[in-house]
Amino acid sequence: MNYAAAGTIIGHEVINAIDDVGGYYGIDGAASDWWSADTRANFAERKACVSDYYSNMTVKAYPETDPYPVQGARIATSAIAETSGLRLAYMTYKDWEREYGREKLPPGLQEASDQAFFLSYAQMYCASNTYFGRWRQTVAFGSAPEDVRVFGVLQQTREFAQAFQCGLTDKMNQEDRCQMF
């Protein structure tokens with residue numbers, strides 16, 4: 001199940017190398033604007049979709065306050081890299097599985113290697129934050145707490161919905177997914 005955690009991190013970083021920041025650096029690391037105008041426009045459209053999606057999410061930072069909105073515009077590039085990294089890791093895992101067969105899984109997951117893959121991804125972000133920590137992550141740093149990150153990525157991943165046989169109206173099976181890499 002290392003493909004989910006390690007593969008997502010590696011995939012995330014690979015996508016960072018070619019995203020709207022990495023697009024300003026050539027293969028040698030020198031400044032070089034190698035994206036075409038069409039590529040930039042296409043990425044901007046996809047990034048706007050992700051920004052809007054996350055901007056509709058909220059974080060309950062303190063019990064006595066209203067939830068804070070996630071700052072979608074600030075996390076969109078990272079969310080694209082995370083979702084794309086997970087999908088790249090999943091495709092690589094499926095290639096490995098076709099070549100070597102299903103791996104041995106923990107009891108109760110014998111027939112659900114895809115489910116185990118996504119559970120392994122989510123487990124990577126297990127955390128226990130204080131209310132202040134959630135506020136700081138969301139408001140001060142413009143990031144998303146771990147639960148928002150995991151739910152956001154998995155809701156945008158069609159393969160997750162298929163693995164868990166989510167119904168068409170289930171919260172974890174978003175009808176309008178943002179198209180990414």
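The model is predicted, so local features need pLDDT of at least 70 and side-chain atom pairs count only at pLDDT 80 or more, while totals for chains, interfaces and linings use all residues. Residues are numbered from 1 along each chain as its sequence is written, and side-chain values use heavy atoms, with hydrogens and water left out.

**Exercise 1. Describe how helix α1 packs on helix α3.**

Step 1. Recall the description. Two packed helices are described by the angle between their axes and the distance between the axes.

Step 2. Find the elements. Helices (H or I, at least four residues) and strands (E, at least two) are DSSP runs, numbered from the N terminus. Helix α1 covers residues 2-18 and helix α3 covers residues 72-100.

Step 3. The angle is about 130° and the axes are 7 Å apart. That makes α1 oblique to α3. Angles under 35 degrees count as roughly parallel, over 145 as roughly antiparallel, 65 to 115 as roughly perpendicular and the rest as oblique. Axes are lines fitted to C-alpha atoms, for helices over the stretch in contact, and angles run from 0 to 180 degrees between N-to-C directions.

Step 4. α1 passes α3 in a right-handed crossing. A crossing is right-handed if the near helix is turned clockwise from the far one by less than a right angle, and left-handed if anticlockwise.

Step 5. List some contacts (heavy atoms within 4.5 Å). The α1 side includes Tyr 3, Gly 7 and Ile 15. The α3 side includes Ser 78, Leu 88 and Trp 96. The contact residues divide into 8 nonpolar, 9 polar and 1 charged. Here Ala, Val, Leu, Ile, Met, Phe, Trp, Tyr, Cys and Pro count as nonpolar, Asp, Glu, Lys and Arg as charged, and the others, Gly among them, as polar.

**Exercise 2. Describe how α3 packs on α4.**

Step 1. Take the axes. They come within 11 Å and cross at roughly 145°.

Step 2. Take the handedness. α3 passes α4 in a right-handed crossing.

Step 3. Name the residues. From α3 come Glu 82, Leu 86, Ala 89, Tyr 90, Tyr 93, Lys 94 and Glu 97. From α4 come Ser 113, Asp 114, Phe 117, Phe 118 and Tyr 121.

**Exercise 3. Which residues have the most contacts inside the largest nonpolar core?**

Step 1. A nonpolar core is a set of buried Ala, Val, Leu, Ile, Met, Phe, Trp, Tyr and Cys residues joined through side-chain atoms within 4.5 Å. Buried means under 20% relative accessible area, exposed over 50%, and partly exposed in between (1.4 Å probe, protein chains only).

Step 2. Read off the core. It has 33 residues, and those with the most contacts inside it are Val 50, Tyr 54, Phe 117, Phe 118, Tyr 121 and Leu 154.

Step 3. Find the elements. Those giving two or more residues are α2 (37-55), α3, α4 (113-123), α6 (146-155) and α7 (158-163). The largest share, 8 residues, comes from α3.

Step 4. Look at one member. Leaving aside neighbours within four places in sequence, Leu 154 is in contact with Leu 86, Phe 118, Tyr 121, Phe 160 and Met 172.

**Exercise 4. Why is α6 described as largely enclosed?**

Step 1. Count. 7 of the 10 residues of α6 are buried, so this helix is largely enclosed by the rest of the structure.

Step 2. Name some. Glu 146, Val 148 and Gly 152 are among the buried ones.

Step 3. Find the cover. It includes α2, β1 (58-59), α3, α4, α5 (131-140) and α7.

**Exercise 5. Are Tyr 90, Gln 165 and Asn 173 buried or exposed?**

Step 1. Tyr 90 lies in helix α3. Tyr 90 is buried, at 11% relative accessible area.

Step 2. Gln 165 is in the segment after α7. Gln 165 is exposed, at 69%. Gln 165 also has a positive phi of about 50°, although it is not a glycine.

Step 3. Asn 173 also lies in the segment after α7. Asn 173 is buried, at 13%. Asn 173 and Gln 155 are 18 residues apart in sequence and 5.7 Å apart in space, C-alpha to C-alpha.
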